Amino acid sequence: MDSSSDRIKSTFKNALIYSVASILGKAVGFVMLPVYAHFIRAEGYGIMSMIDVVISVLGLLIGYGIASAMRLYYFQIDSQSRRLVFVSTNVTLMIVLVTVITLPALFFADPIASLAFGKDGLAYYLVLGMFAFMADTTARNAENFILIQQRSVLYTAISLGRLFVGLFLNIYLIVFLEMGISGFLYSNLITATLFSAMTHAYVYYHVGFHFNGADAKKILKFSLPLVPGYMAMFFR
């Protein structure tokens, strides 16, 4: 009974801690919305929206099953040493997949940007968005290891750090330097790159650098069949 009660208390405690960053992030975004609207304006928001569409397509091609696979298989592995190898393989595989899928899009950034924005000369914005996507996607997957460890305080600290660094850069680049949409994209890129480096350093420090082919096949076997479903939801 005590053990069950402790687990319930721990669950509510962690859920409360996790909620702090999410609630604060939404509150800050709401408060800053008039500021962004004034400096970025309608055209900037249109560019940001189309970048999100392109990035969403890239995310669909990668799929979200890799992150789920880490949480699923980690607890099915009995040996702690094998678990660490699996986590390292999962994180490394995500880096490889994100790179392989995004590089062709970067190479064809000009025609993709022309199609997305309806005019030429905006590929630079798309490239900034795709580099930020690479950093952020790999970092979010690596953060699953922190969730698995139930390090709720550390996870929330990282989330809040990302929030406040991004907010500071947004205010500095958009408001003070008046860089508009470029300031917003540079802010995202710098923030994503910084926290991606920190998160990966944390993960590889604790699990080491390993890559197991059998684990990689297991992860792909789990994640790839989910891609058509994600694509259907996107197009719907």
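**Reading a helical chain**

Reply: Helix 2 is mostly covered, with seven of its ten residues buried. Here a helix is a DSSP run of H or I with at least four residues, a strand is a run of E with at least two, and both are numbered from the N terminus. Buried means under 20% relative accessible area, exposed over 50%, and partly exposed in between, with a 1.4 Å probe and protein chains only. The model is predicted: local features need pLDDT of at least 70, side-chain atom pairs count only at pLDDT 80 or more, and totals for chains, interfaces and linings use all residues. Residues are numbered from 1 along each chain as its sequence is written, and side-chain values use heavy atoms, with hydrogens and water left out.

Me: Which residues of helix 2 are buried, and against which helices do the buried residues pack?

Reply: The buried residues are G65, I66, A67, A69, M70, Y73 and Y74. They pack against helix 3, helix 5, helix 8 and helix 9 (227-235), where contact means heavy atoms within 4.5 Å.

Me: How many helices and strands are there in the protein chain?

Reply: The protein chain has nine helices and zero strands. Its radius of gyration is 19 Å, close to the 18 Å that the globule rule gives for 236 residues, so the chain is as compact as a globular protein of that length. The radius is taken over C-alpha atoms, and the rule is 2.2 Å times the number of residues to the power 0.38. Of the 236 residues, 44% count as buried.

Me: How should I read a nonpolar core, and which residues of the largest one touch the most other members?

Reply: In soluble globular proteins, nonpolar side chains tend to be buried together. A nonpolar core is a set of buried Ala, Val, Leu, Ile, Met, Phe, Trp, Tyr and Cys residues joined through side-chain atoms within 4.5 Å. The largest one has 58 residues, of which I51, V87 and V203 touch the most other members. Helix 5 gives the most to this core, with twelve residues. Leaving aside neighbours within four places in sequence, V203 is in contact with V87, V91, A142, F145 and G208.

Me: Is H200 buried or exposed?

Reply: H200, which lies in helix 7, counts as buried because its relative accessibility is 9%. Not counting residues up to four places away in sequence, H200 touches V91, I95, T138, A139 and A142.

Me: What of the second largest pocket?

Reply: The second largest pocket holds about 290 Å³ of space. Of the 16 residues that line it, Y64, M94, T137, R140 and N141 are the closest to its centre. Helix 5 gives the most to this lining, with seven residues.

Note on methods. On a 1 Å grid over the protein atoms alone, a cavity is a set of points where a 1.4 Å probe fits but cannot get out, and a pocket is an open set with protein on both sides within 12 Å along at least five of seven lines; lining residues have an atom within 4 Å of a point. Grid points are joined across faces, edges and corners, and a volume is the space filled by probe spheres set on the points.
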